[in-house]
Amino acid sequence: MNLLHVNDKAGEYPASYYAATATKIAAFPPLKGQVSADVCIVGAGYTGLSAALHLARAGLDVVVVEAQRVGFGASGRNGGQVGSGQRLEQDALEKMAGRETARKLWDMGEEAKSLVRDLAKEMGLPFHAGVAHACYSDAEVRHAETYREKLAREYDYTQIEALPKGLIGSAAFKGGDLDKGAGHLHPLNFAIGLAQAAVAAGARIYERSEVHHIQHNLRSEVLTAHGRVSCNHVILAGNGYLSGLERKVAARVMPINNFIVATEPLGDRAAGILAENIAVADSKFVVNYWRLSDDKRLLFGGGESYGYKFPDVVKTVRKPMLEVYPQLRDVKIDYAWGGTLAITMNRMPCFLRAHPRVFSASGYSGHGVAMATLAGKLMAQAVQGQAGGFDVMAALPQPRFPGGTALRWPLLVAAMTWYGMRDRLGV
Ligand SMILES: Cc1cc2nc3c(=O)[nH]c(=O)nc-3n(C[C@H](O)[C@H](O)[C@H](O)COP(=O)(O)OP(=O)(O)OC[C@H]3O[C@@H](n4cnc5c(N)ncnc54)[C@H](O)[C@@H]3O)c2cc1C
């Protein structure tokens, strides 16, 4: 069963600010009957659509099968932040995988950012430079400074500077930094742009077609309620919504929910919230992140939940929003929505070959706008026999969640509650 929340309507985008401002695109037809392709991709978020685009441009015959709509999942609902590097800092990656691999991972993060920037440019989608990291304590500010120096010294990355004073109109922060090489964009329009580019290159997309089974004979067969795709390769790109379709992935990748609100347009007050068109993420374990929309709303994200039911999103997100910006107490919330992303135990994506003909990438742990787009490209290359990039990712440790698929949520809730408590206590 595809993971569909009680708040979501099958086959429809959730009522988000992004859906309200999305590029209008006609629905793709559902899959009916038997079709044949070189590659069948399950899921039409950044991972699946980028794989489709790269494969179709390389001349392969590609079919994408999506349970709902293109960009229905995390790709159409996220904070739009395109961060540098990986979800983990380089020190942690050096410890996990050694310096040489850590360097490759950094370079892949840079490649991922460039890929998103180039694709956005190609589709005429604005990419705004600048993501700030806002720190609550002096110790966090010192850590940010040390890390910035390390990146300049050891990774030749000099685009991060100390957070300029007055950029964030909040008294909550002691300092931080500003990464001018990172940026932000409209996430749903990026997904829709990828779909349009993939189709223009020859890919076929089917929507409202949930894959419920995959079987392997001489060729692989991808089955939905009303159709089947016969293919040589399968790419699994369902991320947090893939559910139990592939057990090796389900054991290592866990869905969690995250939430965003959009205020009413702030007009002249917007400049006092963010002085420039940057995005911000703070230093909490359960991270808060925000930016202004083109029409000067505050888009503020935060909170986490597990399971198939979303909490009251306005209540969940308004609280941290007012901790950062108490001056917005009187402001109306026009949109509130949630989405499901996927995390792994070590917060690095899980790339694996689920079968000799099946590639899977998921679990970007909140760093997927760039990395999922790159993952699609790496899987497209792997299908064509160039698996170098895919194998670097697949060689990283991929621990299973303790408790298996049944107990992992309760255990995670216990762990996250502890970390959430640490945030509240400021330890
Ligand atoms: C609220 C929120 C905020 C976030 N903020 C950021 C951010 O600012 N920066 C960042 O880098 N990352 C962020 N992320 C994470 C990022 O959005 C994801 O990592 C990324 O979109 C993953 O893309 P994907 O294509 O792998 O998955 P998705 O976009 O979730 O796509 C998976 C698709 O597969 C389909 N599917 C699943 N199973 C099946 C099946 N059996 N049959 C057919 N179709 C299927 C689903 O319907 C879905 O459309 C955020 C996520 C959320 C939810």
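Contact is taken here to mean heavy atoms within 4.5 Å. Under this criterion, and leaving aside neighbours within four places in sequence, Thr 224 is in contact with Leu 31, Val 65, Ser 209, Glu 210, Val 211 and His 212. The model is a predicted one, in which local features need pLDDT of at least 70 and side-chain atom pairs count only at pLDDT 80 or more, whereas totals for chains, interfaces and linings use all residues. Residues are numbered from 1 along each chain as its sequence is written, and side-chain values use heavy atoms, with hydrogens and water left out.

Thr 224 itself belongs to strand β9, which covers residues 220–224; helices (H or I, at least four residues) and strands (E, at least two) are DSSP runs numbered from the N terminus. With a relative accessibility of 7%, Thr 224 counts as buried, where buried means under 20% relative accessible area, exposed over 50%, and partly exposed in between, for a 1.4 Å probe and protein chains only.

At the level of the whole protein, 11 helices and 17 strands are present. The radius of gyration, taken over C-alpha atoms and compared with a globule rule of 2.2 Å times the number of residues to the power 0.38, is 21 Å, close to the 22 Å that this rule gives for 427 residues, so the protein is as compact as a globular protein of that length. The C-alpha trace spans about 65 × 45 × 45 Å along its principal axes. Of the 427 residues, 57% are buried, and among contacts with a separation of 6 or more, 77% are accounted for by residues 24 or more positions apart.

The accessible surface of the protein, computed by the Shrake-Rupley method with a 1.4 Å probe, where for residues only the protein chains shown count as cover, comes to about 17500 Å², and 54% of this surface belongs to carbon and sulfur atoms. As to charge, Lys and Arg count as positive and Asp and Glu as negative, while His and the chain ends are not counted, and each charge is placed at NZ of Lys, CZ of Arg, CG of Asp or CD of Glu. On this basis the mean positions of the 47 positive and 40 negative charges are 5 Å apart.

Met 321 lies in helix α8, residues 313–324, and counts as buried at 0% relative accessibility. Residues up to four places away in sequence being excluded, Met 321 touches Val 261, Thr 263, Leu 298, Phe 300, Leu 328 and Ile 333. Between Met 321 and Glu 304, which are 17 residues apart in sequence, the C-alpha to C-alpha distance is 14 Å.

Zero disulfides are found in the structure, a disulfide being a pair of cysteine sulfur atoms within 2.5 Å. Cys 40 is in no disulfide, and the nearest cysteine sulfur, that of Cys 231, is 5.1 Å away; Cys 40 counts as buried at 0% relative accessibility. Cys 350 is likewise in no disulfide, the nearest cysteine sulfur being that of Cys 40 at 20 Å, and at 2% relative accessibility Cys 350 counts as buried.

Arg 208, in the loop between β7 (204–206) and β8 (211–216), has a phi near 50°, a positive value in a residue other than glycine, and is partly exposed with a relative accessible area of 44%. Asn 239, found in the loop between β10 (227–236) and α7 (247–250), has a positive phi of about 45° although it is not a glycine.
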